[in-house]
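Open the model in your viewer and keep the selection tool at hand. This tour goes stop by stop.

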Amino acid sequence: MVDEIVLASLSPFRAQLLKNAGLAVRVEGARFDERAVDRQNSGLSAIKLAQKLALEKARDVSQRFPRALVIGCDQVLELDGKVLHKITGMDEAHRRLQALSGKTHYLHSAIALTQGGRPVWDDAATAAMTVRPLDSGFISRHLARAGEKVLASVGAYQLEGEGVQLFEKINGDYFTIIGLPLLPLLAQLRAMGVIDG
């Protein structure tokens, strides 16, 4: 029995994706130190780290809402075999876009369902994102136009806006890029009888 569905994320983009899909969800942020989990799991691959973080977020929120089905998600950016974390300022955003310029990076998006603190299901998907060569002047102008909303993204871009102009090629679905593998989630919710199938 599922009393409600809770999204263990404060991302407005993830919440909007679920709302657009017809799901009524409660939004609750997880309360734990993600960087500590990173440090404790430094030997994991980027995709396994995303899965670990998604599960930990779902478990954390599930403790507060034990009768709810909790959706945890996380996204990890991998560049040249290294995990990059969210940026904190516009200077760092400029450096991030310079680092991504002319290269392919990978967005690993993971999702986990828990109920009563117990794992129910998980999945992950990867998108390969090739940024076209960018010069420093263009990056500065782009960031001036895009504004501080780029700070919400680990890549310092928002594909749903002007950030799409940064790319030469993308392999992967839109939902993975936004950070919520939506189609596998909907299939699982239908299989569980949580939504109409």
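Select Gly-116 first. Leaving aside residues up to four places away in sequence, Gly-116 touches Ser-62, Pro-66 and Ala-68. This is a predicted model. Gly-116 belongs to the loop that runs between β5 (104-115) and β6 (118-131). Is Gly-116 buried, exposed or partly exposed? Its relative accessibility is 34%, so Gly-116 counts as partly exposed.

Gly-116 and Glu-160 are 44 residues apart along the chain. Their C-alpha atoms are separated by 35 Å.

Move on to Gln-158. Find it in the loop between α5 (136-146) and β7 (167-171). Gln-158 counts as buried because its relative accessibility is 12%, and the cut-off for buried is under 20%. Show its contacts next. Beyond residues up to four places away in sequence, Gln-158 touches Phe-13, Lys-149, Val-150, Ala-152, Gly-163 and Val-164.

Step to Tyr-157. Which residues does Tyr-157 touch, not counting those up to four places away in sequence? Select Leu-97, Leu-100, His-105, Leu-107, Met-129, Val-150, Gly-163, Leu-166 and Phe-167 to see them.

Next comes the largest nonpolar core. It has 24 residues, and Leu-97 and Tyr-157 touch the most other members. Colour β3 (69-79), α4 (90-100), β6 and α5: these are the elements that give two or more residues to this core. The largest share, four residues, comes from α5. A second, separate core holds 19 residues, among them Ala-15, Leu-113, Leu-182 and Leu-185.

Turn to the aromatic rings. How many aromatic pairs does the structure hold? There are two. One is formed by Tyr-157 and Phe-167, arranged edge-to-face, with 4.8 Å centre to centre and 80 degrees between the planes. This pair links distant parts of the chain, 10 residues apart: Tyr-157 is in the loop between α5 and β7, and Phe-167 is in strand β7. Both Tyr-157 and Phe-167 are buried.

Tyr-174 and Phe-175 also form an edge-to-face pair, at 6.0 Å centre to centre and 70 degrees between the planes. Tyr-174 counts as partly exposed, at 39% relative accessibility. Phe-175 counts as partly exposed too, at 22%.

For the last stop, select Arg-132 and Phe-138. The charged end of Arg-132 sits over the ring of Phe-138, 4.8 Å from the ring's centre.

Notes:
Residues are numbered from 1 along each chain as its sequence is written. This is a predicted model: local features need pLDDT of at least 70, side-chain atom pairs count only at pLDDT 80 or more; totals for chains, interfaces and linings use all residues. Side-chain values use heavy atoms; hydrogens and water are left out. Buried means under 20% relative accessible area, exposed over 50%, partly exposed in between (1.4 Å probe, protein chains only). Contact means heavy atoms within 4.5 Å. Rings of Phe, Tyr and Trp (its six-membered ring) pair if their centres lie within 6.5 Å; planes under 30 degrees apart count as stacked, over 60 as edge-to-face and the rest as tilted. A charge sits over a ring if NZ of Lys or CZ of Arg is within 6 Å of the ring centre and within 35 degrees of the ring normal. A nonpolar core is a set of buried Ala, Val, Leu, Ile, Met, Phe, Trp, Tyr and Cys residues joined through side-chain atoms within 4.5 Å.
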